[in-house]
Amino acid sequence: MQISTKATRPARVLVWLMLGSLLIGMTGCGGCRSETPQERQARLAKEAEQKAKEEEEKKKKEEKEKEKRKFIVEAPVAKPSDTEIKLSRAKKGHWMTVTQLMKSNFDDWGGETTLQVVDSKSNPVPIALTPYTLSTTRPVQLAKGRPRFVENLFFAPQSAGNASVKCTLRERNYGAVVGDIPIGTPLTMMKSYQYFFVVLAKEPNRYTFLKSLNGVLVPQDTLDGSEDLPHYQVLLPDISKQVPLPDNPMCWTTIAFVLWDEVDPDQLDRQRREALIDWLHWGGQLIVNGPDSLQLLENSFLAPYLPATDGGAAEITKVDVQTLAKYWSQKLRRQNAEPPKPLKITRNWSGVNLNLADGVGESGLAVSTGGLLVERRVGRGRIVVSRMQLAERDLLTWSPHFDDLFNAGIMRRPPRVWAAGKGTGLGGLHGEWANHPGHMRDAQYVTHLRLFSRDVHADPNATNWRNVPNPQTQQQSNFYGVTDFSIPESKPPIVAGGIGAWNNFNATSQAAREALREAAGVQVPHRSFVVTCLAVYLVVLVPLNWFFFKALGRVEYAWIAAPIIALVGTGVVVKQAQLDIGFVRAQTEIALVEIQGDYPRAHVSRYTALYTSLSTVYDMEFDDPSAVAAPFPRGLDPQGSDFKMLTGQRRSAVELTQAKNVKLAGVQVSSATTEMLHSEQMHPLDGPLTYSQLSTNQGRVVNQSQFPLKSVAVVRRVDDGDEPRLIGGWIGELEAGSGATVTFAPLLDDRFADERAKQGLAEAKRLDLEPMFALALDPRHMTPGDTRLVGRIDKVLPGVTVTPSAAQVRGAALVVAHLQRAPLASPTPDVNSPRDVIASYDDLGGEDFGDDFGG
């Protein structure tokens with residue numbers, strides 16, 4: 001059988017097509033050659049350019065959509081913060097500042113913005129153990145078409161869990177809600193032991209190395225799989241447009257350190273300058289990169305506090321760094337341990353000569369660094385200035401010794417001890433405080449800031465996570481004294497917000513509450529007053545009344561006059577007793593005034609009790625814009641056993657308004673009830689309290705403030721071995737503008753209680769502050785070597801107006817003045833080095849910061 005040629009042509013074509021397809025699959029991409037690296041780079045660049053273009057177009061489209069809206073209101077962002085990362089971090093029990101971008105597109109507009117912390121169901125988070133919720137309001141004025149950053153503050157309650165900050169914008173006249181407001185900004189709650197480390201720098205990226213220092217991220221390696229501890233949230237904001245720091249000093253308690261590099265001080269407005277200086281005096285730590293900053297800081301608001309001034313440019317050589325290198329690399333070492341890592345100077349460092357302030361170069365950090373780092377106390381806080389660039393590459397590669405220098409020297413934290421871990425952590429390294437084992441999660445070793453009203457606790461471990469022995473690990477000792485590894489319990493410490501947290505149940509608050517509970521309410525007149533009034537009333541009602549109308553010849557009118565005389569007499573008695581029948585009000589205030597020596601501002605904490613016999617709504621207005629206030633629990637039990645809401649009772653809304661003055665409005669007090677409020681503010685003094693040491697056992701204190709002080713004593717903590725004790729002397733009264741000499745002698749156990757009692761006999765009506773005196777005169781609440789004045793002011797402090805006013809107003813304040821701080825000793829390096837316990841430590845990569853960080 002023959003097959004025609006015409007019939008086979010289609011088959012041949014099909015075969016050739018099949019062979020071609022096979023060849024294409026074998027050669028890939030139709031036989032095209034592979035993409036070269038140059039072509040791939042070009043393609044990726046083109047794709048990136050196209051993506052950036054699309055993002056830009058999308059952004060422009062969103063902006064156009066925004067312009068169509070009447071109002072633009074962005075979500076609030078908590079301060080301090082990074083510029084790019086819009087994450088609102090907060091700490092429980094702390095006041096926080098937020099900023100919001102707002103814009104009115106069509107008209108000039110005036111109104112107010114209100115912030116409230118809400119839970120996951122958008123319900124207001126109450127102030128724990130009180131019948132109140134709290135919101136904060138601030139007036140807003142927007143010019144047409146001009147964006148404006150508006151600041152407000154909020155309080156993060158200790159009980160806040162998955163909380164958000166809800167913002168509401170309202171019209172001024174009608175209260176109508178306006179704008180496209182986000183439902184809420186979620187709050188990322190920091191651990192009790194975490195604080196902010198804020199970098200204010202012209203080039204903040206030079207300081208990204210801070211995030212990997214083992215004094216910032218502490219290595220932890222235990223069998224329970226504990227993660228490394230981030231003690232600090234390092235913030236690297238772009239400050240070219242705005243400085244993301246709070247303008248209220250009450251909102252700086254979350255900040256532990258500020259690093260300053262080549263920043264014009266004029267970028268900070270007056271409120272932020274004042275807040276920074278307040279923060280320094282109560283324990284803040286300012287680190288100044290000297291070569292690029294000292295010249296800018298001459299004649300600035302920081303100039304009076306700097307440890308040194310600019311002495312001109314200089315080069316730092318190998319000879320200059322010898323003292324620093326030796327001091328910070330010599331450790332307690334085992335036999336055959338790794339030798340210290342040398343500090344290699346690849347080239348001379350750029351630096352600055354320092355003109356030192358008096359006494360700065362004689363001890364402390366200057367001695368341990370050969371003058372490359374110097375420091376000066378500012379109240380409880382301090383300022384550190386460097387001769388060299390803090391981001392010098394040779395220093396950064398000198399790990400782990402540079403980590404040690406930064407931890408114990410620059411940050412002034414306790415020395416640590418390092419051990420090989422028992423778990424699976426990064427590098428197998430585990431760190432503990434050398435002298436405080438088990439306290440690596442304790443806030444008191446992370447921040448230096450202290451407020452007497454917030455940070456005095458009956459339990460010395462109130463800010464520490466509770467640790468229990470690891471049942472999987474037998475206790476063991478090693479060469480460096482590490483005895484065991486612990487598993488932290490899941491529950492947080494007693495004080496969830498750590499150091500600096502607004503605390504309604506610490507020792508100071510409890511002492512103030514007890515005094516208020518004893519003194520609050522209506523003061524009942526003495527029985528002699530009642531007997532006298534009754535006698536006068538009977539004399540007027542019977543004999544005088546009868547004789548008067550008998551003389552007129554109208555004795556029968558005496559019966560008509562009797563009820564009139566009774567009513568008038570009752571009114572007189574009420575007036576004299578400061579009572580208004582059916583409407584009685586009383587105000588009692590216990591305050592704490594904390595002063596730093598040589599500083600003309602005080603931190604004032606007020607605890608106010610308001611009593612009324614009929615339901616009353618109170619407002620409390622403050623003169624100082626730094627004031628913050630909130631309801632204060634009446635009960636003594638922090639677990640709430642003595643607090644109970646009535647059946648059907650709803651929590652009242654209290655509003656803190658920040659306008660020309662600060663006002664806490666809407667405090668509802670029920671009939672025959674006492675409610676309490678807690679407020680804090682910075683208060684200006686006419687002058688500081690100063691102290692000068694005359695001899696070993698004598699000193700002179702001068703009161704330049706406007707307040708006359710009573711029951712004044714001056715004490716100093718001096719320790720004998722492990723037992724803290726006080727020496728001191730009694731002054732008694734110290735009038736405003738006067739001075740007194742004090743002679744120090746060992747104190748008896750009563751610590752001048754008899755002297756205070758004798759002075760109190762002359763003023764029988766003064767409030768009892770003895771529980772607060774006991775706290776202030778307890779050596780456990782002082783630092784060794786510190787000198788402190790303790791006294792009282794027997795009146796309600798100025799600066800607050802309560803409306804409606806009360807007929808009975810009583811008050812007293814405890815004064816705690818830190819006259820002189822102990823000199824700063826040389827810092828103590830770590831007991832050992834990570835290189836001594838982890839042979840491969842240098843291979844972990846922690847010491848190599850790449851090419852981004854030069855001198």
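This is a predicted model: local features need pLDDT of at least 70, side-chain atom pairs count only at pLDDT 80 or more; totals for chains, interfaces and linings use all residues.

Reader: Do β19 and β20 run parallel or antiparallel?

Author: Antiparallel. As one example, Glu375 has Val384 in β20 as its bridge partner.

Reader: What strand order does the open sheet have?

Author: The order is β14-β11-β15-β16-β20-β19. That makes six strands, and the pairing is mixed.

Reader: Which are the edge strands?

Author: β14 (232-235) and β19 (373-378). Each pairs on one side only.

Reader: And how are neighbouring strands turned against each other?

Author: By 15° on average, with direction ignored.

Reader: Which strands does helix α8 lie across?

Author: Helix α8 (residues 401-410) lies across β11 (195-201), β16 (285-288), β19 and β20. Its direction is at about 140° to β20.

Reader: New topic: aromatics. How many aromatic pairs are in the whole structure?

Author: A search finds 18. Take Trp95 and Trp502: their ring centres are 5.6 Å apart and their planes are at 75°.

Reader: Why is that pair edge-to-face?

Author: Because the planes are at 75°, and the edge-to-face class covers angles over 60 degrees.

Reader: Where do Trp95 and Trp502 lie?

Author: Trp95 is in strand β4 (residues 95-104). Trp502 is in the loop between β24 (486-488) and α10 (507-519). So the pair ties together parts that are 407 residues apart in sequence.

Reader: Are Trp95 and Trp502 buried or exposed?

Author: Both Trp95 and Trp502 are buried. Another edge-to-face pair is Trp282 with Tyr599, at 6.3 Å centre to centre and 70° between the planes.

Reader: What parts does the pair of Trp282 and Tyr599 tie together?

Author: Trp282 lies in the loop between α3 (270-281) and β16. Tyr599 lies in the loop between β25 (585-596) and β26 (601-612). So those parts are 317 residues apart in sequence.

Reader: What's the relative accessibility of Trp282?

Author: Trp282 has 3%, so it counts as buried. Tyr599 is buried too, at 6%.

Reader: Which residues do ring pairs link into a cluster?

Author: Phe197, Tyr207, Phe209, Tyr232, Phe257, Phe402 and Phe406.

Reader: Last one: which ring does the charged end of Arg716 sit over?

Author: The ring of Phe744, 4.3 Å from its centre. Lys91 lies over the face of Tyr195, also at 4.3 Å from the ring centre.

Definitions and conventions. Residues are numbered from 1 along each chain as its sequence is written. Side-chain values use heavy atoms; hydrogens and water are left out. Two strands pair if DSSP finds at least two bridges between them. Helices (H or I, at least four residues) and strands (E, at least two) are DSSP runs, numbered from the N terminus. Axes are lines fitted to C-alpha atoms, for helices over the stretch in contact, and angles run from 0 to 180 degrees between N-to-C directions. Contact means heavy atoms within 4.5 Å. Rings of Phe, Tyr and Trp (its six-membered ring) pair if their centres lie within 6.5 Å; planes under 30 degrees apart count as stacked, over 60 as edge-to-face and the rest as tilted. Buried means under 20% relative accessible area, exposed over 50%, partly exposed in between (1.4 Å probe, protein chains only). A charge sits over a ring if NZ of Lys or CZ of Arg is within 6 Å of the ring centre and within 35 degrees of the ring normal.
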